[in-house]
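Could you walk me through the aromatic contacts in this model? I have it open in my viewer and would like to know what to select next.

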Amino acid sequence: MGTNNKKLTYSQSGVDYGSIDPVKVSAQQAAAATADNLTSFGMQEVAASRGESAYVWQEGDGHRALVVEGLGTKNLVADAMRTIGNRTYYDQIAQDTVAMIVNDLIVVGALPNVINAYFAIGDSNWMNDQERSGDLVKGWKAACDLAGATWGGGETPALKGIINPDTIDLAGSAIGSIAPGKLVLGEKLSDGDHIILVESSGIHANGLTLARSIADTLPDGFATKLSNGRMYGEALLSPTHIYVPFVRALLEKNIDIHYMVNVTGHGWRKLMRATQPFTYTMTTVPPVPVELDYIAKQAGADNKEMYGNFNMGAGFAVYVPAEGVEAALSSAQEVGLQAWDAGTVSTGPKKVVIKPLNITFEGDSLGVRS
């Protein structure tokens, strides 16, 4: 990949994990110092969940998990495409937002109970566009149903001066329950475990800042046709898979899950998110979505840049012992998803090795925990 002489990296487009991650780690350290406050409610945090995608605490004999997530800038693509595609796309944008929330929640073995919404607008007039706001509400409800969760409530502030007029910042939170014995935090990761990769639906909701920057350089912008005949903007708006049905199937089959990862920011570097110093060797690379291949070529980005920031066709990963591979693969098939027995875990220095592409990500390139 990467044939353009003028290279555009993810950090150059405005998202630099080297600046963001240290603040996240600092916040984790400060947050950990407040953990004793839970004891007054008869609860106790699961300290190992600090730095994971979801926070877990013990409540009686069970566990609960909590996550807060945001959409990012994908809705700006929908706004641009409305003038081209004659639809709002906000039903799909709603699914993207809910997916960003619940896909982070389920990696610890939790199934979502309640999802709350945060719709922050730059001007109250945003809500007067009944087609757009109606699609957002309809899509959010449908996504909650797909996740098997109740839409509990939310907040709709008008933040003039903070958010641009006629734009919206979408985010939310979810609380989930973890059944006894189903907590997944990586402690069971072992030499010889298999890494099952599950297909993405495309770019999902990560990397849109770079994708939008590329559209600005194209003569036809988001209306540019890709090799499969789809418009670039339309392809970017493919809604993010909600992986809750897949994880529910895994849990119902009592598959011995050793770890799970939602592949979003940091791309395949996220495969080494667990604290243990293992080497993760990938021997199978799923087909790359057309729009991600196009982004690579237009940005002049090499494979390491792309796989270090995008899902590249694999939106979720589950780690199981050898005897759980077939059941995990069949669980994905049962819910309409393609999956691959793509790699293995071995004792060694913390790194991800993608053998078919000759790429190695060292452990120090993933600064997501204190």
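Here is a short tour of ring contacts.

Before you click, note that this is a predicted model, in which local features need pLDDT of at least 70 and side-chain atom pairs count only at pLDDT 80 or more, while totals for chains, interfaces and linings use all residues. Residues are numbered from 1 along each chain as its sequence is written, and side-chain values use heavy atoms, with hydrogens and water left out.

The structure holds twelve aromatic pairs. Rings of Phe, Tyr and Trp (its six-membered ring) pair if their centres lie within 6.5 Å; planes under 30 degrees apart are stacked, over 60 edge-to-face, and the rest tilted.

Start by selecting Tyr232 and Tyr294, a tilted pair at 5.5 Å centre to centre with 55° between the planes. Tyr232 belongs to helix H6 (residues 232-236) and Tyr294 to helix H8 (residues 290-299), 62 residues apart. Helices are DSSP runs of H or I with at least four residues, strands are E runs of at least two, and both are numbered from the N terminus.

Trp268 lies in the loop between strand S8 (259-262) and strand S9 (278-282), and Tyr307 in helix H9 (residues 303-307), 39 residues apart. Trp268 is buried at 1% relative accessible area, and Tyr307 is also buried, at 1%.

Finally, select Phe119, Trp140 and Trp151, which ring pairs link into a cluster.

Methods: Buried means under 20% relative accessible area, exposed over 50%, partly exposed in between (1.4 Å probe, protein chains only).
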